[in-house]
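Let's walk through this one together, question by question. Have a look at the model first.

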Amino acid sequence: MESSETPGPGPDPRRIPGGAPDETPASPVHDQGIWAPQHPGQQPQPPLPTRAPRNPAVALYVREVFSSRGIATIAWIAGSVLAAGTLGAILLLAALAAAPSGSTGLGDSAGFGADFGQAIAALLVAIGVALGGGLAFDANVDAGLFSASGRASLGIVPLGVLAVAVTGAVVVARLRLRRDRLLAPTLGAEAARAAIEGGFVALAMTLLTAFASLGGTAEFGGVSLRTRAGLVLVTVFLSVAVPVFLARTALRRTVTGAVDGTWTVALREAGLALSIQLGAFAAAGSVLLVIASARSESVAPLLAGLPLLGNLAVAGAALGQFGGLSAGAGSFGGVSVTAFDIPDGHGWWAVVIAVLGLAVAAVAVGLRRRRTARPAWGRTWQMPLVVFAVWCVFAFGVAGVAAEGEILAALSFGGGGAIGLTWPTPFLAGIGAALVSVGAEFLPLAVYRMNPALLAAFGGRRTVQAWLTGAAPASTSPAGTAPGGMPWTAASAPPGSATAAPPAYAAPAYAAPAPQTAPAAPADAMPTLQRPGPGGSGAPAGGSHPFAAAGIPAPAPMSPRAKTGLVVALSSVGFVALLAVGTAVTVAMINQSRDPAGAVGEYLALLEQGEAERANELVDPGIRTSERALLTDEVLGAAEHRIVVESVETTSRTESGANVHAVYSLDGERFEIDLPVARGPKELLLLETWRLEEPLLVSATLAGDGVPSVLVGDTEIGFGAFDAGEYATRDITVYPGVYSVTGATSDYVRASVVELRAAASATAAPAVAEVTVEPSGAFEQAVLEQVQSRITKCVEIPTNMDDVCPYVTRNTDLAEMRVVAQAEGFASISLTRFEASPAKIAVRANPSSWDEDPELRESDVTVNGGIEFVDGKPVVTELWMGGW
């Protein structure tokens with residue numbers, strides 16, 4: 001006899017209840033111990049022992065993944081992920097093509113763009129990068145005696161692309177679920193299906209990008225650029241499986257009418273708060289990208305920034321919540337940047353956006369909580385923990401950039417660096433989420449009391465209605481029906497199974513019963529937005545208010561007097577805030593116009609005009625007064641060429657100062673310099689000032705050969721203790737320019753005129769001017785006269801006996817002594833020494849017993865000596881004569 005408690009056969013899960021009847025006959029069920037014959041005359045046989053699965057409905061649901069409908073769902077999800085990756089790849093490649101340099105270097109080595117195959121390879125590699133695979137670079141060099149290999153990797157997760165991919169996967173999953181109307185019997189079955197789908201999609205994306213590479217070979221080696229397949233697999237799997245599971249679970253709970261648990265609510269609130277705040281920063285990041293593209297006159301920043309828009313949003317939110325960004329390389333110390341480190345106070349915009357985002361999120365989250373008579377503190381701590389966990393994932397490296405490399409040769413070299421969030425950032429973001437969660441208990445009521453109609457802007461009329469009545473937010477669909485009223489089915493066990501589920505999800509066996517709550521008011525009726533009755537209770541006049549069933553008082557709008565006071569207070573605050581913002585903007589614009597380059601430009605303009613003394617007042621030269629002899633208007637004004645300023649531009653700003661790059665020309669030659677500029681004292685406590693602290697001076701060297709001083713322009717520069725004929729030098733300091741340098745001249749000296757080219761630049765040649773002097777004709781004549789006079793004295797008595805005279809004249813027993821030929825010039829002469837041309841002297845001895853008629857003997861005489869200046873005239877010294 002058939003048991004009455006045994007359920008009948010379950011429906012085919014692919015059929016909608018109410019359709020054609022199931023044609024499969026039910027298997028007969030016999031009483032225990034009775035074997036009925038199958039055909040007439042056949043002996044009854046015992047049934048074969050079978051072992052039913054523990055949960056056939058779960059197995060049947062998971063098996064749906066491999067049905068035609070399940071495969072179609074996977075295909076649609078994979079297509080949405082591939083579309084997002086392709087879009088990101090195209091943007092990245094377009095940014096490389098639009099770069100101002102005109103070449104990325106990739107095309108030359110790999111032939112990118114040269115043929116169809118390389119273009120497809122580049123696209124697939126870029127898709128892998130867009131889907132979080134990063135880049136891996138390998139190179140090798142083999143030049144005979146030297147060989148080396150190197151590798152490098154770049155890890156970056158384009159959150160903008162993944163956000164689009166996740167959105168597409170979620171939309172596909174929800175649409176397919178609404179179309180199939182097939183719910184999972186358990187959360188485990190839902191997770192298993194999401195994991196299978198995520199695995200298939202991740203495997204497909206990995207196989208698509210893993211074997212693509214860009215590379216080339218040269219005479220001594222080759223290079224290869226590819227994406228990392230493992231990262232693509234993990235990133236795509238998590239980006240598909242987790243969101244699809246959460247999306248289906250949320251829709252499943254809506255359809256089945258299941259009660260949300262504490263952490264389900266916290267997860268939903270965290271997602272709402274994060275989407276509001278990151279969305280605000282994503283919009284601000286888009287504006288910044290447009291501005292950057294306009295300033296650079298290239299679309300490359302915009303194209304490259306769109307795939308990384310999510311990363312920019314995370315960075316902006318971190319700065320806005322007083323967190324920071326860190327950058328470090330290898331063993332070197334890291335550098336952290338906060339909103340206060342951004343020049344010109346632009347970091348405060350991030351703080352303002354963050355505060356507004358937190359306030360909006362608090363109202364939006366509060367509207368989706370059940371309104372209570374007093375704050376429910378027990379539901380405020382879960383959401384901040386979820387937000388903190390998400391920010392920990394961001395800080396772990398998901399939102400940053402990491403790079404490493406290694407070179408293997410005779411010695412190995414390696415290193416790496418990363419840019420990411422500082423460690424306090426997740427904690428500060430958690431504190432911000434805590435403020436949102438606490439504010440959600442108060443702000444919706446405050447907004448309602450100020451203006452009831454304004455509250456609908458934060459959640460819509462249905463959400464506001466549910467909050468006003470004190471009920472949970474209304475579901476989008478009644479339990480057991482699709483949005484269009486179509487019934488839903490559940491995966492059931494095979495026919496005859498004891499675990500077969502009922503065909504319709506009017507009350508699923510595995511769903512917890514929903515608590516009894518007061519019926520919500522119709523969505524099209526908003527009695528709570530009516531004006532309060534005579535009693536001011538907020539209920540319509542002449543009847544009970546719709547909040548009575550909820551057991552909480554109606555939120556009464558403010559009285560006209562209180563509203564007027566609040567409006568006045570808020571207007572005053574708004575006016576003060578507007579005034580403060582306007583003042584800040586005005587001050588920022590004025591400070592922006594006070595470019596540090598202005599201080600440098602003013603200084604260089606003075607040097608260009610030859611006003612050295614005003615330049616000294618503007619920037620102290622920082623040298624002793626005795627060394628400033630050439631830093632005058634007379635010297636700079638008399639320069640043959642002064643600087644001509646071509647451009648002055650600020651290249652960087654910090655809290656302490658700035659760096660200014662200047663380009664000037666000197667006598668047609670261009671020079672570039674970088675000058676540090678410090679912040680000066682503020683004017684009127686707000687306006688910034690800048691001062692150049694390092695003067696633009698040039699160290700030069702003057703040299704003189706035989707001169708005691710030189711003239712730079714009309715200014716004489718002496719060499720100090722100077723001996724005639726000495727080669728002397730002196731270091732000087734001048735402003736940039738081309739100066740004429742010469743020595744002091746007289747009747748006896750001719751000095752050369754040389755050029756001193758003093759340029760301030762790292763590429764300029766050393767500034768040296770060497771002055772030489774030559775004796776004049778008067779100098780030679782004066783010396784020659786002294787030489788001839790001395791030769792004459794050597795043939796006269798008694799001076800013929802002087803030691804300087806030649807030996808032939810130093811005799812007292814001579815009959816005759818005379819100069820036959822006088823020295824007529826010099827074999828060599830300088831300001832300090834000379835060698836005269838030969839002279840000829842003749843002597844005749846007195847007659848003697850052995851020589852009664854001596855002959856006249858002639859002798860050549862050479863005269864050498866030194867020269868000194870005495871009272872400005874050359875005087876011959878250290879004279880020496882040679883001859884017989």
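Helices (H or I, at least four residues) and strands (E, at least two) are DSSP runs, numbered from the N terminus. The expected span of a helix is 1.5 Å times one less than its number of residues. This is a predicted model, where local features need pLDDT of at least 70, side-chain atom pairs count only at pLDDT 80 or more, and totals for chains, interfaces and linings use all residues. Residues are numbered from 1 along each chain as its sequence is written, and side-chain values use heavy atoms, with hydrogens and water left out.

Q: How many helices and strands does the protein have?
A: Let's begin with the overall tally, using those DSSP runs. The protein has 20 helices and 29 strands.

Q: What percentage of the residues in the protein is buried?
A: Buried means under 20% relative accessible area, exposed over 50%, and partly exposed in between (1.4 Å probe, protein chains only). Out of 884 residues in the protein, the buried share is 38%.

Q: How far does helix α4 reach from its first C-alpha to its last?
A: Helix α4 covers residues 116-130, which is 15 residues. At 1.5 Å a residue, the expected span is 21 Å, and the helix comes close to that. Its reach is 21 Å.

Q: Which residue with a positive phi follows α4?
A: Towards its end, α4 has buried residues including Ile 127, Gly 128, Val 129 and Ala 130. After the helix comes a residue with phi near 95°, and that is Gly 132.

Q: Which helices do the buried residues of α14 pack against?
A: In α14 (residues 443-450), the buried residues are Pro 444, Val 447 and Tyr 448. Seen down the axis, they fall within an arc of 100° (taken from the directions from the helix axis to the C-beta atoms), so they line one face of the helix. Those residues pack against α11 (347-367), α13 (425-439) and α15 (460-468).

Q: Which residue in the turn between β13 and β14 has a positive phi?
A: Two strands pair if DSSP finds at least two bridges between them. Here β13 (residues 657-666) and β14 (residues 669-683) run antiparallel, joined by 10 bridges, and Leu 666 has Glu 669 as its bridge partner. They form a hairpin with two residues between them, and the one with a phi of about 55° is Asp 667.

Q: Which residue in β15 stands opposite Arg 679?
A: β14 also pairs with β15 (residues 687-692), antiparallel over five bridges. This hairpin has three residues between its strands, with Leu 684 in the turn. Opposite Arg 679 you'll find Trp 690.

Q: Which residues have the most contacts inside the largest nonpolar core?
A: A nonpolar core is a set of buried Ala, Val, Leu, Ile, Met, Phe, Trp, Tyr and Cys residues joined through side-chain atoms within 4.5 Å. The largest has 82 residues, and helix α17 (residues 596-609) gives the most to it, with seven. The two with the most contacts inside it are Leu 702 and Phe 834.

Q: Which cysteine is joined to Cys 794 by a disulfide?
A: A disulfide is a pair of cysteine sulfur atoms within 2.5 Å, and the count comes to one. Both cysteines sit in the loop between α20 (777-793) and β24 (814-821), so the link ties together parts that are 11 residues apart in sequence. Cys 794 is buried, at 0% relative accessible area. With S to S at 2.2 Å, its partner is Cys 805.

Methods: Contact = heavy atoms within 4.5 Å.
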